[in-house]
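Please walk me through this structure.

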Amino acid sequence: MRAFAAAATAVAAPTPARLRLRLPFGPRAQRSGHCRPASSSRLLRVSCGATTMGDETSTSVPAQEQEPTVGAGSVKQQLSRLVISSLRTTVPEVEVEPMVEVSAKFADYQCNNAMGLWSKVKGSGTSFKNPNAIGQAIAKNLPSSDIIESTSVAGPGFVNITLSNSWVAKRIQDMLINGINTWAPILPVKKAVIDFSSPNIAKEMHVGHLRSTIIGDTLARMFEFSNVDVLRRNHVGDWGTQFGMLIEYLFEKFPNWQEIGSQAIGDLQVFYKASKHKFDNDPEFKERAQQGVVRLQGGEEKYREAWKKICDISRSEFDLVYKRLNVELEEKGESFYNPYIPQVLAELNSKGLIQESEGAQVIFIEGYQIPLIVVKRDGGFNYASTDLAALWYRLNVEKAEWIIYVTDVGQQQHFEMFFKAARMAGWLPDPKENKFPKTNHVGFGLVLGSDGKRFRTRSTEVVRLVELLDEAKSRSKSELLQRLTENGKIVDWTDEELEQTSEAVGYGAVKYADLKNNRLTNYTFSFEQMLSDKGNTAVYLQYAHARICSIIRKSNKDVEELKMSGAISLDHPDERVLGLYLIRFAEVVEEACTNLLPNVVCEYLYNLSEMFTKFYTNCQVVGSPEETSRLLLCQATAVVMRQCFQLLGITPVYKL
């Protein structure tokens, strides 16, 4: 079970930049522990500085084994490969990673290696007199490429890089012809487990589960777009003491429960509360319930059958939420890993990690006053034992390289201790070594009400997610009907279009309001704000996308034909700004994946819509001499916006 406790916001600490040139196509470091060695060759992900990985920190990933094909990867990755070549020529005796970043004002990109190199070579008899001289050499030694239009060197060796307009235009047109998937970033792993949502059987899904579900689904979508095999795991709490309580209550109240089926339980939440009340106030019932857990875990058929029925009813409730959110998950709950716990604990014990403490079996973790309990005093297993067994399974059976857990920040200490125990066992390498496999806890803050407290209903109960989502859809539909009635366009809409658009806008508004925030922060839930068509909201972005589609429709031109016969030019300054931002899409998704921060994609999407508005204001599209080129820029913007929506789990609308 994954409790969603309140906690203070945590911020990832920065990592010092590394000053070693990892030749990008050398052999990959072997894994530590008993997990499988490095697998088949992969494409390079060039790191351009230190990054944060979820709630842990990391610098660049190790070099990969196979040189990427020409034109593969993001713009930053392609420029970094050119810089690597220049660094090898300029300072062959020094190992340093390429430091390539988007330039704020002087050019399109910037290489910032010179100052760091100067600190390494000065006083060593080098021919370079200062950092500027190193920058000049880096610029001079850049291989000839159709990517770069020009370079200049400023101040202490900053190499400013201006991209070729024709190359930018060609990259956009190639995407239109060959599809947005050609802009997928290159990540350093092939298989990942993303553990998210994770509600508890027989309990209501609440807003904490909503955040976990939305954030986890978006991370999965981003990794899948990046050609990573993602195992979407729902680690439901389906094994524990509460089941003895529920099953015994079922037997007591409905001796013929097998005949009347699901009707015996009815509302599972009411049933759970009634059984919990009896458990807390009836000692005899409590004893029967505790014995019931033993009989369930011992495999007694009658108890297993009742357990399965309760789980099935609960899953049907969860599915109502997942269907509305369009989220797919594969359930592997606590019960799945239960058979693996004894062998996993035996391995940990054989390595001398498990000790007895006050009747329990524990692992002492350096830096923590409390130990990690793996077997309780009564001999039962707990979250830690289940999580260790699940990690062992994911590493050794499923061969995952990156395992990501999406829960509230209140569980950060549990995961820190759990990950350290796994490293003590040799299952995971030291995070400072930047080797795989690796684990991360993706924490998130609270959803608050307008009073600044945890979001609840007036009756102080948790909010039912199905009702919350239906309310978003209902409000969206009301506002859409009012707008269409006022502008006289209601006659142009079918009932089906109204229903589908209301769902897309309503559900999308809830998702985007969550995802646009840094996940570590709390945010205030407000239907009024999230359904506003002004500012950084999903509704505003849906209107922006629908407006682009309207422009293309009104041109009466076949864009599919234009992208094959026409050409893009970026002669106007606002055309160039829009074009440059479009081709940054791949590195934005890479950044979001690397740092496990979906809000990076939200920020990009909002900025893209703002840049398009400026372009459309200053550059006439339909009827202009540049109509073909500008229609293609409109189409490219719409395609990238739609892919951003897809990554965020939002269904785009084509008219509003």
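What should the 15 residues of helix 9 span, and how far apart are its end C-alpha atoms? The model is predicted. Helix 9 covers residues 283–297. At 1.5 Å a residue it should span 21 Å, and its end C-alpha atoms are 22 Å apart, which agrees.

Next, the burial pattern. Phe285, Ala289, Gly292, Val293 and Leu296 are the buried residues of helix 9. Viewed down the helix axis, they fall within an arc of 105°, so they line one face. Pro283, Glu284 and Val294 are exposed on the other side of helix 9. The cover over the buried residues includes helix 6 (241–253), helix 8 (268–281) and helix 10 (301–325).

Now the two ends. At the start of helix 9, Asp282 places a side-chain oxygen within 3.1 Å of the backbone nitrogen of Glu284. After the helix comes Gly299, with a positive phi near 95°.

Five strands form an open sheet in the order 9-8-7-13-14, and the pairing is parallel. Strand 9 (330–331) and strand 14 (438–442) are the edge strands, each pairing on one side only. Strand 13 (residues 402–406) runs parallel to strand 14, and the two pair over five bridges. Within this pair, Ile403 stands opposite Thr439 of strand 14.

What packs on this sheet? Helix 13 (residues 383–396) does. Helix 13 touches strand 7 (191–195), strand 8 (229–234), strand 13 and strand 14. The direction of helix 13 makes about 145° with that of strand 13.

How values were computed:
Residues are numbered from 1 along each chain as its sequence is written. This is a predicted model: local features need pLDDT of at least 70, side-chain atom pairs count only at pLDDT 80 or more; totals for chains, interfaces and linings use all residues. Side-chain values use heavy atoms; hydrogens and water are left out. Helices (H or I, at least four residues) and strands (E, at least two) are DSSP runs, numbered from the N terminus. The expected span of a helix is 1.5 Å times one less than its number of residues. Buried means under 20% relative accessible area, exposed over 50%, partly exposed in between (1.4 Å probe, protein chains only). The arc is that of the directions from the helix axis to the C-beta atoms. Contact means heavy atoms within 4.5 Å. A polar contact is a pair of N or O atoms within 3.5 Å; within protein, one must be able to donate a hydrogen and the other to accept it, and residues adjacent in sequence count only if both atoms are side-chain atoms. Two strands pair if DSSP finds at least two bridges between them. Axes are lines fitted to C-alpha atoms, for helices over the stretch in contact, and angles run from 0 to 180 degrees between N-to-C directions.
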